[in-house]
Amino acid sequence: MEVPAVPPVAHRVAMYDMDRTITRAGTYSGFLMHVARRRQPWRLMLLPLVGLAGIAYSLRLIDRAQFKAINLRLLVGKRFSRAEIAPLAESYADKVVARGLHPAALEQIAADRAAGYRLLLATASFHLYVDAIARRLGMDDVLATRLDEADGEDHIHARLSGDNCYGEAKFARITGWLADNAITREDAHIRAYSDHVSDQPMLRFADEAVATTPSRKLRRLAPKMGWQVVDWRRPK
(Lines give C-alpha, C1' and ligand atoms only; values in the text may rest on other atoms or scores of the structure.)
Protein backbone atom coordinates (compact mmCIF):
# COMPACT_ATOMS: atom_id res chain seq x y z
CA MET A 1 0.00 0.00 0.00
CA GLU A 2 1.24 3.49 -0.82
CA VAL A 3 2.08 5.44 2.32
CA PRO A 4 2.27 9.25 2.00
CA ALA A 5 4.39 11.35 4.29
CA VAL A 6 2.64 12.29 7.52
CA PRO A 7 3.03 15.83 8.95
CA PRO A 8 3.98 16.21 12.62
CA VAL A 9 0.87 15.71 14.77
CA ALA A 10 0.11 14.87 18.39
CA HIS A 11 -1.87 11.73 17.56
CA ARG A 12 -1.82 9.06 14.89
CA VAL A 13 -4.90 6.86 14.65
CA ALA A 14 -5.56 3.93 12.30
CA MET A 15 -9.22 2.88 12.16
CA TYR A 16 -10.09 -0.56 10.84
CA ASP A 17 -13.43 -2.10 9.99
CA MET A 18 -13.31 -5.85 10.67
CA ASP A 19 -15.64 -8.06 8.60
CA ARG A 20 -14.35 -8.51 5.03
CA THR A 21 -11.73 -5.83 5.71
CA ILE A 22 -9.40 -7.72 8.03
CA THR A 23 -11.31 -11.00 7.80
CA ARG A 24 -11.93 -12.93 4.60
CA ALA A 25 -15.65 -13.23 5.31
CA GLY A 26 -18.29 -11.97 7.70
CA THR A 27 -17.95 -13.28 11.25
CA TYR A 28 -21.44 -12.82 12.73
CA SER A 29 -23.17 -15.87 11.24
CA GLY A 30 -20.06 -17.96 11.79
CA PHE A 31 -20.05 -17.09 15.48
CA LEU A 32 -23.72 -17.99 15.92
CA MET A 33 -23.19 -21.35 14.21
CA HIS A 34 -20.02 -22.00 16.24
CA VAL A 35 -21.91 -21.44 19.48
CA ALA A 36 -25.03 -23.39 18.48
CA ARG A 37 -23.09 -26.47 17.35
CA ARG A 38 -21.05 -26.66 20.55
CA ARG A 39 -23.61 -25.53 23.10
CA GLN A 40 -27.14 -26.49 21.97
CA PRO A 41 -27.07 -28.34 18.63
CA TRP A 42 -30.87 -28.62 18.63
CA ARG A 43 -30.97 -24.90 17.82
CA LEU A 44 -29.75 -25.70 14.31
CA MET A 45 -33.30 -26.91 13.65
CA LEU A 46 -34.31 -23.24 13.94
CA LEU A 47 -32.27 -22.26 10.86
CA PRO A 48 -35.43 -22.08 8.70
CA LEU A 49 -36.63 -19.31 11.04
CA VAL A 50 -33.29 -17.55 10.55
CA GLY A 51 -33.98 -17.75 6.82
CA LEU A 52 -37.42 -16.21 7.31
CA ALA A 53 -35.86 -13.39 9.31
CA GLY A 54 -33.46 -12.85 6.41
CA ILE A 55 -36.38 -12.53 4.03
CA ALA A 56 -38.08 -10.06 6.37
CA TYR A 57 -34.89 -8.01 6.46
CA SER A 58 -34.50 -8.05 2.67
CA LEU A 59 -38.11 -6.82 2.39
CA ARG A 60 -37.32 -4.08 4.94
CA LEU A 61 -39.94 -5.37 7.36
CA ILE A 62 -37.27 -5.36 10.09
CA ASP A 63 -34.05 -3.35 10.35
CA ARG A 64 -30.50 -4.62 10.61
CA ALA A 65 -30.41 -4.38 14.40
CA GLN A 66 -33.64 -6.37 14.77
CA PHE A 67 -32.37 -8.98 12.32
CA LYS A 68 -29.18 -9.48 14.33
CA ALA A 69 -31.07 -9.73 17.62
CA ILE A 70 -33.54 -12.29 16.19
CA ASN A 71 -30.73 -14.51 14.91
CA LEU A 72 -28.92 -14.29 18.24
CA ARG A 73 -32.10 -15.23 20.09
CA LEU A 74 -32.73 -18.21 17.83
CA LEU A 75 -29.21 -19.69 17.77
CA VAL A 76 -27.86 -18.71 21.20
CA GLY A 77 -30.90 -17.90 23.35
CA LYS A 78 -32.91 -15.04 24.79
CA ARG A 79 -30.66 -14.87 27.85
CA PHE A 80 -27.34 -16.57 28.46
CA SER A 81 -24.44 -16.65 30.88
CA ARG A 82 -21.31 -14.70 29.99
CA ALA A 83 -19.21 -17.35 31.70
CA GLU A 84 -20.75 -20.01 29.46
CA ILE A 85 -20.29 -18.07 26.21
CA ALA A 86 -16.82 -16.62 26.90
CA PRO A 87 -14.88 -19.87 26.17
CA LEU A 88 -16.81 -20.26 22.91
CA ALA A 89 -15.95 -16.68 21.96
CA GLU A 90 -12.29 -17.46 22.60
CA SER A 91 -12.34 -20.66 20.55
CA TYR A 92 -14.14 -18.85 17.73
CA ALA A 93 -11.51 -16.09 17.80
CA ASP A 94 -8.80 -18.75 17.53
CA LYS A 95 -10.57 -20.18 14.49
CA VAL A 96 -10.93 -16.79 12.78
CA VAL A 97 -7.32 -15.80 13.41
CA ALA A 98 -5.98 -19.19 12.31
CA ARG A 99 -7.80 -19.39 8.98
CA GLY A 100 -9.94 -16.34 8.33
CA LEU A 101 -7.71 -13.28 7.98
CA HIS A 102 -6.18 -11.49 5.01
CA PRO A 103 -2.37 -11.72 5.45
CA ALA A 104 -2.05 -8.31 3.77
CA ALA A 105 -4.34 -6.81 6.41
CA LEU A 106 -2.10 -8.19 9.14
CA GLU A 107 0.91 -6.68 7.40
CA GLN A 108 -0.78 -3.28 7.28
CA ILE A 109 -1.77 -3.48 10.94
CA ALA A 110 1.84 -4.28 11.83
CA ALA A 111 3.10 -1.40 9.67
CA ASP A 112 0.70 1.07 11.30
CA ARG A 113 1.69 -0.13 14.75
CA ALA A 114 5.38 0.27 13.89
CA ALA A 115 4.69 3.79 12.58
CA GLY A 116 3.23 4.80 15.94
CA TYR A 117 -0.47 4.63 15.11
CA ARG A 118 -3.06 3.87 17.77
CA LEU A 119 -5.10 0.98 16.38
CA LEU A 120 -8.89 1.22 16.62
CA LEU A 121 -11.13 -1.65 15.54
CA ALA A 122 -14.61 -0.29 14.70
CA THR A 123 -17.16 -2.92 13.71
CA ALA A 124 -20.87 -3.69 13.73
CA SER A 125 -20.15 -7.17 15.08
CA PHE A 126 -20.75 -7.93 18.76
CA HIS A 127 -18.29 -7.11 21.53
CA LEU A 128 -19.24 -10.59 22.74
CA TYR A 129 -16.60 -12.12 20.46
CA VAL A 130 -14.92 -9.16 18.76
CA ASP A 131 -12.94 -8.36 21.90
CA ALA A 132 -11.28 -11.77 21.72
CA ILE A 133 -10.34 -11.27 18.06
CA ALA A 134 -9.08 -7.74 18.78
CA ARG A 135 -6.75 -9.01 21.51
CA ARG A 136 -5.21 -11.47 19.08
CA LEU A 137 -4.74 -8.72 16.50
CA GLY A 138 -3.09 -6.41 19.04
CA MET A 139 -5.71 -3.67 18.67
CA ASP A 140 -5.49 -0.84 21.19
CA ASP A 141 -9.22 -0.04 21.32
CA VAL A 142 -12.48 -1.59 20.15
CA LEU A 143 -15.83 -0.09 19.17
CA ALA A 144 -18.46 -2.77 18.51
CA THR A 145 -22.15 -3.45 18.95
CA ARG A 146 -23.13 -3.91 22.57
CA LEU A 147 -25.65 -6.34 24.00
CA ASP A 148 -27.97 -5.70 26.92
CA GLU A 149 -26.67 -6.82 30.32
CA ALA A 150 -29.66 -5.86 32.42
CA ASP A 151 -28.91 -8.57 35.00
CA GLY A 152 -25.39 -7.29 35.54
CA GLU A 153 -22.18 -8.88 34.36
CA ASP A 154 -23.35 -12.50 34.73
CA HIS A 155 -26.07 -12.63 32.09
CA ILE A 156 -26.49 -11.18 28.61
CA HIS A 157 -29.77 -10.67 26.78
CA ALA A 158 -30.27 -11.16 23.05
CA ARG A 159 -31.09 -7.53 22.41
CA LEU A 160 -28.89 -4.62 21.47
CA SER A 161 -27.84 -1.99 23.97
CA GLY A 162 -27.74 1.26 22.03
CA ASP A 163 -27.34 1.49 18.29
CA ASN A 164 -25.98 -1.13 15.93
CA CYS A 165 -22.39 0.07 15.38
CA TYR A 166 -22.88 0.54 11.64
CA GLY A 167 -22.67 3.44 9.20
CA GLU A 168 -23.50 6.78 10.80
CA ALA A 169 -23.91 5.13 14.19
CA LYS A 170 -20.38 3.75 13.93
CA PHE A 171 -19.06 7.19 13.04
CA ALA A 172 -20.88 8.68 16.05
CA ARG A 173 -19.13 6.11 18.23
CA ILE A 174 -15.80 7.08 16.65
CA THR A 175 -16.27 10.79 17.31
CA GLY A 176 -17.26 9.98 20.88
CA TRP A 177 -14.14 7.83 21.28
CA LEU A 178 -11.95 10.67 19.99
CA ALA A 179 -13.52 13.10 22.47
CA ASP A 180 -13.15 10.63 25.35
CA ASN A 181 -9.46 10.29 24.53
CA ALA A 182 -8.91 14.06 24.13
CA ILE A 183 -7.98 13.65 20.46
CA THR A 184 -8.96 16.71 18.44
CA ARG A 185 -9.27 16.50 14.67
CA GLU A 186 -6.65 19.17 13.99
CA ASP A 187 -4.11 17.39 16.20
CA ALA A 188 -4.56 13.95 14.62
CA HIS A 189 -3.58 12.15 11.45
CA ILE A 190 -6.16 9.48 10.74
CA ARG A 191 -6.08 6.47 8.48
CA ALA A 192 -9.25 4.46 7.82
CA TYR A 193 -9.69 1.06 6.18
CA SER A 194 -12.98 -0.51 5.09
CA ASP A 195 -14.45 -2.77 2.45
CA HIS A 196 -17.98 -1.37 2.52
CA VAL A 197 -19.73 1.77 1.34
CA SER A 198 -21.60 2.02 4.66
CA ASP A 199 -18.33 3.27 6.15
CA GLN A 200 -18.38 6.43 4.02
CA PRO A 201 -18.58 8.69 7.12
CA MET A 202 -15.42 7.16 8.59
CA LEU A 203 -13.58 7.21 5.25
CA ARG A 204 -14.55 10.83 4.51
CA PHE A 205 -13.29 11.84 7.95
CA ALA A 206 -9.85 10.30 7.46
CA ASP A 207 -6.72 11.94 6.08
CA GLU A 208 -5.95 8.64 4.33
CA ALA A 209 -8.90 6.51 3.31
CA VAL A 210 -8.31 3.03 1.93
CA ALA A 211 -10.98 0.92 0.25
CA THR A 212 -9.81 -2.58 1.06
CA THR A 213 -11.02 -5.39 -1.21
CA PRO A 214 -14.05 -3.15 -1.69
CA SER A 215 -17.67 -3.95 -2.35
CA ARG A 216 -19.00 -2.96 -5.77
CA LYS A 217 -20.47 0.36 -4.58
CA LEU A 218 -17.34 1.34 -2.69
CA ARG A 219 -15.13 0.39 -5.65
CA ARG A 220 -17.12 2.82 -7.80
CA LEU A 221 -17.10 5.59 -5.19
CA ALA A 222 -13.45 5.42 -4.11
CA PRO A 223 -11.86 6.94 -7.28
CA LYS A 224 -14.35 9.82 -7.21
CA MET A 225 -13.33 10.57 -3.62
CA GLY A 226 -9.61 10.13 -4.23
CA TRP A 227 -9.44 7.12 -1.92
CA GLN A 228 -6.83 4.46 -2.43
CA VAL A 229 -8.10 1.02 -3.50
CA VAL A 230 -6.27 -2.16 -2.53
CA ASP A 231 -7.16 -5.83 -2.95
CA TRP A 232 -5.93 -7.71 0.09
CA ARG A 233 -6.92 -11.04 -1.45
CA ARG A 234 -4.07 -10.84 -3.93
CA PRO A 235 -0.61 -12.07 -2.91
CA LYS A 236 2.18 -9.57 -3.40
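Helices (H or I, at least four residues) and strands (E, at least two) are DSSP runs, numbered from the N terminus. This is a predicted model, in which local features need pLDDT of at least 70 and side-chain atom pairs count only at pLDDT 80 or more, while totals for chains, interfaces and linings use all residues. Residues are numbered from 1 along each chain as its sequence is written, and side-chain values use heavy atoms, with hydrogens and water left out.

Helix 4 passes helix 6 in a right-handed crossing, where right-handed means that the near helix is turned clockwise from the far one by less than a right angle, and left-handed that it is turned anticlockwise. On the side of helix 4, the residues that meet helix 6 are Ile85, Ala89, Glu90, Tyr92, Ala93, Asp94, Val96 and Val97, and their partners in helix 6 are Leu128, Tyr129, Ala132, Ile133, Arg135 and Arg136, contact being defined as heavy atoms within 4.5 Å. Sorted by class, this contact of helix 4 with helix 6 has 10 nonpolar, no polar and 4 charged residues; Ala, Val, Leu, Ile, Met, Phe, Trp, Tyr, Cys and Pro count as nonpolar, Asp, Glu, Lys and Arg as charged, and the others, Gly among them, as polar.

Helix 1 (residues 28–39), by contrast, packs with helix 3 at an angle of about 15°, with the axes 9 Å apart, so helix 1 and helix 3 are roughly parallel to each other. Their crossing is right-handed. In this contact Tyr28, Leu32, Met33 and Ala36 of helix 1 meet Phe67, Lys68, Ala69, Asn71, Leu72 and Leu75 of helix 3, and the division by class is 8 nonpolar, 1 polar and 1 charged.

The aromatic residues can be followed next. A pair of aromatic rings is described by the distance of the centres and the angle of the planes. The structure holds 8 aromatic pairs, where rings of Phe, Tyr and Trp (its six-membered ring) pair if their centres lie within 6.5 Å, and planes under 30 degrees apart count as stacked, over 60 as edge-to-face and the rest as tilted. The rings of Tyr57 and Phe67 have centres 5.2 Å apart and planes at 5°, so this pair is stacked. It links distant parts of the chain, with Tyr57 in helix 2 (residues 47–58) and Phe67 in helix 3 (residues 64–75), 10 residues apart. Tyr57 is partly exposed, at a relative accessible area of 26%; buried means under 20%, exposed over 50% and partly exposed in between (1.4 Å probe, protein chains only). Elsewhere, Tyr16, Tyr193 and Trp232 form one aromatic cluster.

Ile109 lies in helix 5 (residues 103–114) and, at 2% relative accessibility, counts as buried. Ser125, in strand 3 (residues 118–126), is likewise buried, at 4% relative accessibility. Apart from its neighbours within four places in sequence, Ser125 is in contact with Met18, Asp19, Thr27, Lys68, Val130, Ala144 and Thr145.

Two loop residues remain. Arg60 has a positive phi of about 65° although it is not a glycine; it is placed in the loop between helix 2 and helix 3 and is exposed, with a relative accessible area of 77%. Thr213, also not a glycine, has a positive phi of about 45°. Thr213 sits in the loop between strand 8 (208–212) and helix 9 (216–225) and is buried, with a relative accessible area of 12%.

Methods. Axes fitted to C-alpha atoms, helices over the stretch in contact; angles between N-to-C directions. Parallel < 35°, antiparallel > 145°, perpendicular 65-115°, else oblique.
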